[in-house]
Every structure is written in structure tokens, then in C-alpha cells.
Amino acid sequence: MVRFALVCALLSTHAFAALAQGPVVGDVEGGEFRPFPLAVAATRLGENAKDKTAAGDQLAGIVRNDLDMSGAFQLLDKKGFIDTDGLETADVRFDDWRNVSAQGLVKTRLSVQGADLLVDVWAYDIGSQKQVLKKSIKVASADIRSAGHQIADEVFRAFTGEPGVFRTKLAVVKKVQGEKHVFTMDIDGEGVRQLTKGGGLNLLPSWAPDGRSILFTSYRYENPDLFEIGVGGGDPKAISRRPGLNTGGRVSPDGGRIAVTLSQDGNSELYILSRNGDVQKRLTNQWGIDTSPTWSPDGSQIAFVSSRGGHPDLYVVDSGGAGAAKRLTFKGDYNQTPAWSPRGTHIAFTARDERNVFDIFVINLKTNELTRVTQGMGNNEEPSFSPNGRLLVFTTTRNKAKQLVVSNLDGTKQTVLPSLGDHTSPSWGPFVR
Amino acid sequence: MNEPSATTPPQSNLPSSTTSLSNSSSMSMSNLSLPPQTRTARVDTQSRLLKIALITSVVVHAGLFAGWLLFPSTTKAAVDLDEAVIKTRLVKLGKPRDEKLLPRMPTSPPPPAADKKAPPVLDPTVPQTPDTKPTPQTPDKPSAADILNKFKSDAERPKDINDLIKDRIGEQTDEGKEDGDADGTALDGEINASYFARVTSRIQKAMEVSSVLSDDERVRLKARLCLKIDEEGGLSDLEVTSSGSAVFDSDVLSAARRASPVPAPPPPTRKQAGDGVCFNFCPTTCR
């Protein structure tokens, strides 16, 4: 009998192995990339937080909006949820969530802890029925937005393995009472704060890599000069006040240098300055206009705009000045405002097409393949990459006023931010440290 | 020579088409007891009958063979291999876009313009008779053998002749090497490859990859899905060898479920499909 059972076991194992080792008859490669169907359940309220319904709704709303904006998730309509199960793995009814086509699940609970709020979050992979995240976050009672963004970051990381950008900030120029000033805001368009005061025209903000200061160009002394201001506000510090242009300043990824456009010699050329503003190197010396520098993530190269070929195109030059600049774009006749992806693989830029409309394009630096991000939606300009390289922010006139748009790289998910007014020159800040 | 037995039954002189060969020896034995003239006549009659039987048999067999050659089989193949996997139509190629222009996103073509011709006005005085449909004429279809026989040798036949025959008359050829497998034909390998290519294409169309995969995972991940395909194309015993990403593994299983049922396997492929086959899945390329 034992022998019989052993033979049966061996045979079944062999059959199992035979199936698992069956001949491979085809390769299924690629496929339509689609957002990951995610269910974000309503926030549960702890015993001592029964009066925090509004805060709970706000929290869940921020998490849903952030994850939806990322383009990586398809947020399922909560109206279809049967959300009566528990929070821990043993208490979750995975079949209920599978029935609404969810592949991921997020649950949160809000409690009060003294003067603070405690938010617990759980996330599950429905297919494998495994918990992928369990965390508690404490925030000040008035700071529920911060908790929502932090939870969105944690959930994003749990499902993608990459850091989220929902706690990062944007810097942008807005018109205020006839003047233009630099503002900062959350990436969902909320929390708008004016940074610069006075000076009339304040333009072209760009974040330092440490996130503590912002470079910008100001006409406060009736000349376009380069300044630096702390994110907490205060008086700006002059970096370069040379005759002519001192525009488009960008701090290098290591924080030690600044690439800028100067015209002190009579023509717009690219220079490398120290953080104090001393000229270290002149990078270009051509008859055309050279401007709008952007650093590669390793700081070894700079992409910029030059009209040396007869019309504005993108070029790349060694940041140490070695060798000649190499032309990057060969299509279109008006390419400008380049932004180098933190991943190093792509450069986004603005281009004017044959219909005289400005749109956002992305060039793959490995294949030179050009991808169009926007089309038929007004003028779209001045892209800036998120610090994880997955998203872009740029300006758009699709709704008449110049608004901000957050988009994924292929343009399939675009979210117009609710911030009011005319916006220009957005700059996406670094990861929160 | 043995003497005939007293119990030997009397022999009938009437010709019988059912004369059995097994009786021939007993008959020839019984002939020996008859007078020589009668015996000769009987032998002649028996020879004539034998000849008639042989001729009749040959004619009947020849007729059956001719009928098999001339009239096509009425049984329908389990799998309609003529069914197009992708329906296409020829459209006029537009003017190519200038290479120096920036790329544009594809947009849907406008719907075709409605026919603006006015409908014909019917004269009420003329009685309207319903149009009579012409009876469809079905021309005689050639057989596979007829088509193959038009080529004097194998070397003259186009390489895709079997596909052409299947395409035109829906008939499989039995062409094969003389020393080939008695249970198979030269087409089996092609039929298997063609079938699994169709199944792969079906699953490919249903494949959706979650956007949450990182760039590294999109290049690196590879899963293997093994399954069984029954005679109706239903999938069972799905088993994934994990890629390392639960999300991608889930995408693989979902694709297989969406693709089911796949095209039913043709007879030569049913055993292999039923025993189990595997597919590699990769978010970008499997190479």
C-alpha cells in the first residue's frame, strides 16, 4: 500500500513537473501598458475620532487624487465597493475586492493621539492576497494634507518600488497686481505661497538640488540679474549682476556650480559660475544665441538651446567645456526650454510645429526617438521633470488662462492643477529630505 | 483420387453469383463423377461465373474509388483555418509626412460621408414586382489532387501550394513523403506552428501590463505560463512560474483568462495542446 502511494506520488510529481516543463510554443512580448486598478477605501475613524469625518474624507481624497495624478493607477469608483471587511490581512475579504476588478487595495484609519492625528495605512495586493504596506503616520491636527501626501508616497512606493513625489513642491511665476512673482505650491496646486516680494519682474525660478533655495532672475535693479532666495522667504541674495543678461540659472546636481546665460560680451553665451557667482568657465562662443541650460543628472553634460544652425535647436555640450557641442534635434524649426530627466534617459522640451502651435515633446537620448506629449490642446510650454522622472509639469492654454498641467511622459494622463491665475516657468522641486 | 462421398449434396446446374471459392474444390471433386461432356460444360459455366464475379468486383471497387476522388468530403473541419486572424482592407496611402516636421499623434479618421443621392422615385402606376433573386450557381470545384496533378513534379510546385489549396477549396492535401510517419502528414508541423502562433497572438492582444512596473522591471521581468487547451479551445490548469513581481504575474494570468477560449486546436495539435504547453511573457521583449 505504501509502495502504491509512493508510486502515485512520484507519478503525480512527474506529471506536475512535466506540465511545468511543457514545450514553450510562443513568446508574449509587451502589451498595452495600463494603469493598475486600485481601490482606496474610505477612511475608517478610530473610537476617539468619530468627529473627524471631514478630516477622514479629506485624507482619502488627497490619497486618491495623488495616486490618480501619477498615471500609474486607475482609481476605482468607491460607489461599487463592499467595504465591510476588516483592516488586517486575515480580515480582508479579497473576493469582494476582486469582484470590483481591483488589483490593489488601500485602507486607512484616523485616530486622535493627544493634539495630533494618527493615521494608519494598510495596502494589499489582491492577486497574491498579500499585505504590501502597513505603516502609522503622526501629524499635527491641522496638517491632514501632509499626511495624505505622505500616505500617497508610501502606497506609490509599495506598489512600484519607486519613491513617490507627492510631498515635493513646485516653484512657478504668477502675475500679481501687475508684477510677476515666484510662488511655491504643492503638486496638487494647493498650498500656494508667494516667495518673492517687490522687484517688479521675477522670472525663471529653478530649485537648488537640496531643496533649500531657489535661483531666479529679477529686474529689481532694472537689469535681468541672477538671485537666490531661501524657500522660507526673506531677502534674495545676488549671484550675478553683470551687464546684460544673467538668466536661466541652474544649480548643478552636486550643488557646486551654476550654469547660466550671460551676454556681458555682447552675445548670449553659456557660462559656468561658482555658487558665489564667480565665472569658472565660458562654455560657448558662437555667433548665435546660446541659452536655457539644463544639467544631466551626473553633471557631466549640459543641454541648451542654440540658434547657431539658423533656428533654435537643442544641443549638448560637455560641462567641462571639452569638445564641440553636439546637435540633438533635427525636426521642427523652433525647439526650446529643455529639461533633462533625473533618470538621464530623456530630455523634454517645447517645440513649435508646422501649425505654429507650441507643444511638449520628449526625446529618448538612447534612440533619438521623438515622442509627442501634447497635441490639439492649446499651447503647452516649459516642461520640468519630477524628481523620479515619471512626470512632467508644464504650462497650458487649453482652457484659455495659462494653467499648470501634471502629465505622464506619454501624455495619456494629464491633470490640470486648480491654481488660479496665469502661470509661467514651472520648476519641480527635489525629494523632501 | 478420392471417391465422392455418398452424402455429397446434389449440385445445382443453375449459375450462382454467390458461388463460394471454398466450394470450388468440392465442386471440382463432384465434377469428376459426371460424364466428360457434362463435366466440361460445367467447368466452362463455372469459369464464366467466376469471370463475371471478378469483373463485377473490379467495377464496384473502381466506382467507389472514382467516387472518393471525384466528390469532396462533406465533413467540416473542426477548425476553419481559412478564418483570417486579422481582417484587413487596402486603403490609399496618404502623402508621407515631411521628415523634417515634428511627429504628430495619430487621430481617428473622419466618418465616411453619407450617400447624398436621392432615393429613386417609384411610379405608382407601374405594378411593382419583387425582384427575383438569381439562383446561385456553384461551379464544380477542383479537388486537391487535380490541383497538385497540374504540376508535373514536386520541384515545380510553389512552396505555399498547400496553403493555396486550403485557401481555395478548403481541402487538405494528403501529400507526404513515402517514408514518412503513417500517422502524420507533411503538414502537421506547419499546422502546429500556425495554430500556436494564433493562440499566442490571441493572448498578446489581451495582454495588459500594469504601469506600476518600474523601468528596470519592464526590461528584466519574465514569467512562464503553462496551461492545457481542450478540444473547444478552453484553457485549464493555468500555472505561472513567477517573474518575481506579483503584479506582473497577475497581469499574465489575467491575459490568459481574457483570451479564453482560444481557437480550437486542429486534430493534429489536440494531443499536444491537451497535454500542456507553455508561453513566455515579458513586459517588453523576451530576448
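Author: Keep in mind that this is a predicted model.

Reader: Which residues of H5(B) are buried?

Author: They are Ile191(B), Tyr195(B), Phe196(B), Val199(B), Arg202(B) and Ile203(B). These residues lie on the same side of H5(B), because the arc they cover around the axis is only 120°. In an α-helix there are 3.6 residues a turn, so residues three or four places apart point the same way.

Reader: And what length does H5(B) reach from its first C-alpha to its last?

Author: H5(B), residues 188-206, has 19 residues and reaches 27 Å, close to the 27 Å expected at 1.5 Å a residue.

Reader: What about H2(B), how many of its residues are buried?

Author: The count is zero among its 35 residues, and H2(B) is hardly covered. This helix, residues 36-70, reaches 50 Å from its first C-alpha to its last, which is close to the 51 Å expected at 1.5 Å a residue.

Reader: Back to S1(A), then: which strand of chain B do its bridges join it to?

Author: Five bridges join S1(A) to strand S4(B), residues 277-282, and the two run parallel. Within this pairing, Val28(A) stands opposite Phe281(B) in S4(B).

Reader: How many residues does each chain bring to the contact?

Author: Chain A brings 37 residues and chain B brings 37 residues. On the side of chain A that touches chain B, two or more residues come from each of helix H1 (2-20), strand S1 (24-29), strand S2 (32-34), helix H4 (144-160) and strand S27 (370-372). S1(A) gives the most to that side, with six residues. By type, the residues of that side of chain A divide into 14 nonpolar, twelve polar and eleven charged.

Reader: Changing topic, which residues touch the most other members of the largest nonpolar core?

Author: That core has 125 residues, and those touching the most other members are Leu38(A), Leu59(A), Val63(A), Val155(A) and Ile214(A). H4(A) gives the most to this core, with eight residues. Leaving aside neighbours within four places in sequence, Leu38(A) has contacts that include Leu67(A), Phe73(A), Leu76(A), Ala102(A) and Val106(A).

Reader: And chain A overall, how many helices and strands?

Author: Chain A comes to four helices and 32 strands, and buried residues make up 44% of its 433 residues.

Reader: In what order do the strands of the open sheet of four come?

Author: The order is S20-S21-S22-S23 in chain A, with antiparallel pairing. Strands S20 (290-295) and S23 (326-327) of chain A stand at the edges with a single partner strand each, so one side of each is left without a neighbour in the sheet.

Technical notes. Residues numbered from 1 in each chain as written. Chains lettered and ligands numbered in written order. Predicted model: local features only at pLDDT ≥ 70, side-chain atom pairs only at ≥ 80, totals over all residues. Buried ≥ 20, exposed ≤ 12 C-beta atoms within 10 Å, placed from the backbone. Expected span 1.5 Å × (residues − 1). Contact = placed C-beta atoms within 7 Å. Nonpolar A, V, L, I, M, F, W, Y, C, P; charged D, E, K, R; others polar. Pairing = 2+ DSSP bridges. Arc of directions from axis to C-beta. Core = buried A, V, L, I, M, F, W, Y, C linked by C-beta atoms within 7 Å.
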